[in-house]
Amino acid sequence: KAVPGAARAAGDPAAARQAVLAAAAGTKAAAAVRQRAASPTIWTMIFRSEFGSRKQAIFWGASLLRNTFSAALVVVGLFAASTAMADEVQLSVQGQASRSVQLTKVILDSETHPASMRMKGGTLCVFPSTSEFPKEKKTQDYERFDVLFGGVLKKQGYAVVSTSQDMFASETPDAKGDILIGATMIPEALNLCSSANGWKGNVTVRVDWQIYDRKAQKVIQTAHTSGHAELPKFAQDGYITLWNHVFVANVEALLQQQSVQNIIGVLATPEAIKPTS
């Protein structure tokens, strides 16, 4: 290697030796840089081992893109198909003809299933006692419960046949619903307070329903519901009000059953009332 002219002119052997060593070190560093540049990287090695050539890599990338696009189209197609199917099912359900419904009889049965009754007295509801609810199996006032039943169904958009207020119903035998429903009320829990101001408290009543198809001339469905009603303040008609509310709660629970909706042939409207507390 050539020694820099400045070192030779000075005639300094030590300086010349250092210059030679520095030049040699520079040469080795340059050689190392060239070797690293020539050595393949890990990604290059993977590229070569997987594809072998640039053309194969381009073909693989195009295939991946095509498959991804196809999968996206399939997902979009399935989503659109499911949405259309759901709309079609909804339209078919809404398109069914509504079958008229009529309440025929309501029975209170505390004889087959005895229930306990917790009673308190006075405006402060003191002196609690527990007694057995009177045992009876008796047909209830039809007009009262027919009005309650029809009110719930009409408000939810069902076709109802009501004869309790028809003074000539007995003369028109055809004035009957397609579906006849009978109810047996079974008291489960009664917590009542009686005072000079009336009644308040809460009751829980189960109802066993029978659904009769007049065309088929047979019972086609039975159902069971449970309703709860509370009256927080005294009312002179509080006892009757509690029974009215708990019956309405059971009617609402009945209409929420899909099997009953299928029998009637129409779904409840969005304006359906909320369960009565």
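Residues are numbered from 1 along each chain as its sequence is written, and the model is a predicted one in which local features need pLDDT of at least 70, side-chain atom pairs count only at pLDDT 80 or more, and totals for chains, interfaces and linings use all residues. Side-chain values use heavy atoms, with hydrogens and water left out.

## Strands and hairpins

Helices (H or I, at least four residues) and strands (E, at least two) are DSSP runs numbered from the N terminus. Two strands are taken as paired if DSSP finds at least two bridges between them. Strand S5 (residues 179-195) pairs with S6 through 16 bridges in the antiparallel sense, and the two form a hairpin with two residues between them. On its other listed pairing, S6 is joined to strand S7 (residues 218-235) by 14 bridges, again antiparallel. The S6 and S7 hairpin has four residues between its strands, and Gln217 in the turn has a positive phi of about 55°.

Trp209 takes part in both pairings. Ala183 has Trp209 as its bridge partner in S6, while Ala223 is the bridge partner of Trp209 in S7. In a regular strand the side chains alternate between the two faces of the sheet.

Met119 stands opposite Ser129 in S3. Four residues separate S2 and S3, and Gly122 in the turn has a positive phi of about 85°.

## Aromatic pairs

A pair of aromatic rings is described by the distance of the centres and the angle of the planes. Rings of Phe, Tyr and Trp (its six-membered ring) pair if their centres lie within 6.5 Å; planes under 30 degrees apart count as stacked, over 60 as edge-to-face and the rest as tilted. By this rule there are six aromatic pairs. One of them joins Phe149 and Trp209, whose ring centres are 6.5 Å apart with planes at 40°, so the pair is tilted. Phe149 belongs to helix H5 (residues 142-155) and Trp209 to strand S6 (residues 198-213), so this contact ties together parts that are 60 residues apart in sequence.

Accessibility is classed as buried under 20% relative accessible area, exposed over 50%, and partly exposed in between (1.4 Å probe, protein chains only). Phe149 is buried at 1% relative accessibility, and Trp209 is buried with a relative accessible area of 1%. Elsewhere, ring pairs link Phe133, Trp199, Tyr239 and Trp243 into a cluster.

## Salt bridges

Side chains of opposite charge can pair when their charged atoms come close. A salt bridge is defined here as a side-chain nitrogen of Lys or Arg within 4 Å of a carboxyl oxygen of Asp or Glu. The structure holds three salt bridges, and they are listed below.

| Arg99 | Asp213 | 2.8 Å |

The bridge between Arg99 and Asp213 starts in the loop between helix H4 (54-94) and strand S1 (101-109), where Arg99 lies, and ends at Asp213 in strand S6, so it ties together parts that are 114 residues apart in sequence. Arg99 is partly exposed at 26% relative accessibility, whereas Asp213 is buried at 8%. Lys135 is partly exposed at 49%, and Glu132 is partly exposed at 49%. Arg206 is partly exposed at 24%, whereas Asp208 is buried at 19%.

## The largest pocket

Rolling a probe the size of a water molecule over the atoms shows where empty space is left. On a 1 Å grid over the protein atoms alone, a pocket is an open set of points where a 1.4 Å probe fits, with protein on both sides within 12 Å along at least five of seven lines; lining residues have an atom within 4 Å of a point. The largest pocket contains about 160 Å³ of space, a volume being the space filled by probe spheres set on grid points joined across faces, edges and corners.

Its lining includes Ala183, Asp208, Trp209 and Ala223. S1, S5, S6 and S7 each supply at least two residues of this lining. By class, the lining residues divide into four nonpolar, five polar and two charged, where Ala, Val, Leu, Ile, Met, Phe, Trp, Tyr, Cys and Pro count as nonpolar, Asp, Glu, Lys and Arg as charged, and the others, Gly among them, as polar.

Ala223 also has a listed spatial relation to Ser259: the two are 36 residues apart in sequence and 9.1 Å apart in space, C-alpha to C-alpha. Ser259 is found in helix H7 (residues 258-264) and is partly exposed, with a relative accessible area of 29%.
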